[in-house]
Amino acid sequence: MQPRNMSMSGVVDLAAVKAAQEAKAKAEQARAEAARQGGGAVSAVSPASLVIDVDEAGFESDVLQRSTEVPVVIDFWAEWCEPCKQLSPLLEGLAREYNGRFVLAKIDVDANQMLMQQFGVQGIPAVFAVVAGQALPLFQGAAPVEQIRQTLDQLIQVGEERFGLTGLAVDPDAQGGDQEAPAPAEVPAGPYDALLEAAVEALDAGDLGGAVQAYRNVLSDDPGNTEAKLGLAQAELLQRVQGLDPQQVRKDAADNPADVAAQIAAADLDLVGGHVEDAFGRLIDAVRRTAGDDRDAARVRLLELLEVVGSDDPRVTAARTQLARVLF
């Protein structure tokens, strides 16, 4: 998972003229129909309706239809997911802070496996958006509040400029609303925020060495910093595969099953390519077949790749169990 993968790449896909025009027309038609049914007046919603729990049965009305009026941000979460417990309250606070510019739909993946599969969710927390019936990925994992705000601002701009979505009117006195609006979501700046931001900027600029150093600077003072540990594992992985010839690496691994260095390099490429279980399985097999320094090298690299994916991923849990069986 990449907690700082704040990507609006899906918006670029929506910019295709035909698709955008069709979606905009559908949104305008849906709004016109809603106005006719409501006598031409737009009803104000309560603050409580800005954050909703959504299931498979209500997805069409709560998300798809609602997205013709306002961008709908989807938070895929689960009770067992520790990063979700940090991100979800933050998103809820932002939904209230933005006061109708978007609606937050919360989807429990354990209870809604079909929706999770349809969106191609690989790990949680994962955040998507639906705009005028068009789905796009926003980011995956926990992230700083200011970076989330930037992504939301881009999303809202897309909704306004391409689809004419101006948001919902919010009545703080409407039934179901709180008499006292919650304070805007704020996260106090931590002592390492500047270094972490520097690492992200280095990654965005393709300076993998700079990102690695920035994360190491954080960990030198705060060895338990979760974000820095995850970021370092990801940056080091990208640094290792940079410049490799994938075809040659895979050929070497196939021709030399007992060559641990070849298997480690191939596992790195597997993970970068999204073949998570292949990467884990390759290294577990290497641990099983080897001894001494070779075995330790394969074990250490496996633990590093487990760190990259994140402990909340079920594939990591399964791999840890398999590794324990091999070792003990």
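**Helix packing and local features of a predicted protein chain**

The accessible surface of the protein chain amounts to about 16600 Å², and 49% of that surface belongs to carbon and sulfur atoms. The structure is a predicted model, in which local features need pLDDT of at least 70, side-chain atom pairs count only at pLDDT 80 or more, and totals for chains, interfaces and linings use all residues. Residues are numbered from 1 along each chain as its sequence is written, and side-chain values use heavy atoms, with hydrogens and water left out.

The protein chain contains 14 helices and five strands; helices (H or I, at least four residues) and strands (E, at least two) are DSSP runs, numbered from the N terminus. Of its 328 residues, 44% count as buried, where buried means under 20% relative accessible area, exposed means over 50%, and partly exposed lies in between (1.4 Å probe, protein chains only). Among contacts between residues at least 6 apart in sequence, 72% join residues at least 24 apart; a contact means heavy atoms within 4.5 Å.

The packing around helix H11 was examined next. Two packed helices are described by the angle between their axes and the distance between the axes. Axes are lines fitted to C-alpha atoms, for helices over the stretch in contact, and angles run from 0 to 180 degrees between N-to-C directions. The axes of H11 (residues 260-272) and H12 (residues 276-289) come within 7 Å and cross at roughly 160°. H11 is therefore roughly antiparallel to H12; angles under 35 degrees count as roughly parallel, over 145 as roughly antiparallel, 65 to 115 as roughly perpendicular and the rest as oblique. On the H11 side, the contact involves Gln 263, Ile 264, Ala 266, Ala 267, Asp 270 and Leu 271, which meet Val 276, Asp 278, Ala 279, Phe 280, Arg 282, Leu 283 and Arg 289 of H12. The residues of this contact comprise eight nonpolar, one polar and four charged. In this division, Ala, Val, Leu, Ile, Met, Phe, Trp, Tyr, Cys and Pro count as nonpolar, Asp, Glu, Lys and Arg as charged, and the others, Gly among them, as polar.

H11 also packs against H13 (residues 292-309), with axes that come within 10 Å and cross at roughly 10°. H11 and H13 are therefore roughly parallel to each other. Here Val 260, Ile 264, Ala 267, Asp 268 and Leu 271 of H11 meet Asp 294, Ala 297, Ala 298, Arg 301, Leu 305, Val 308 and Val 309 of H13. This contact divides into nine nonpolar residues, no polar and three charged.

A further contact joins H11 to H9 (residues 226-241), whose axis comes within 10 Å of that of H11 at a crossing angle of roughly 115°. The crossing of H9 and H11 is left-handed. Leu 237, Arg 240 and Val 241 of H9 meet Asp 268, Leu 269, Leu 271 and Val 272 of H11, and the residues of the contact are five nonpolar, no polar and two charged.

Asp 268, found in H11, counts as buried because its relative accessibility is 3%. Leaving aside residues up to four places away in sequence, Asp 268 touches Leu 237, Arg 240, Val 241, Arg 301 and Leu 305. Val 249, in H10 (residues 246-255), is likewise buried, at 10% relative accessibility. With the exclusion of residues up to four places away in sequence, Val 249 touches Leu 244, Ala 265, Ala 266 and Leu 269.

Several backbone features occur in loops. The peptide bond from Ile 124 to Pro 125 is cis, with omega near 0°, and Pro 125 is found in the loop between H5 (113-118) and S4 (126-131). Asn 99, in the loop between H4 (82-98) and S3 (103-108), has a phi near 55°, a positive value in a residue other than glycine. At 43% relative accessibility, Asn 99 counts as partly exposed. Ala 132 lies in the loop between S4 and S5 (134-140); its phi is near 50°, also positive in a residue other than glycine. Ala 132 counts as buried, at 7% relative accessibility.

Note on methods: Accessible areas come from the Shrake-Rupley method with a 1.4 Å probe; for residues, only the protein chains shown count as cover. A crossing is left-handed if the near helix is turned anticlockwise from the far one by less than a right angle, and right-handed if clockwise.
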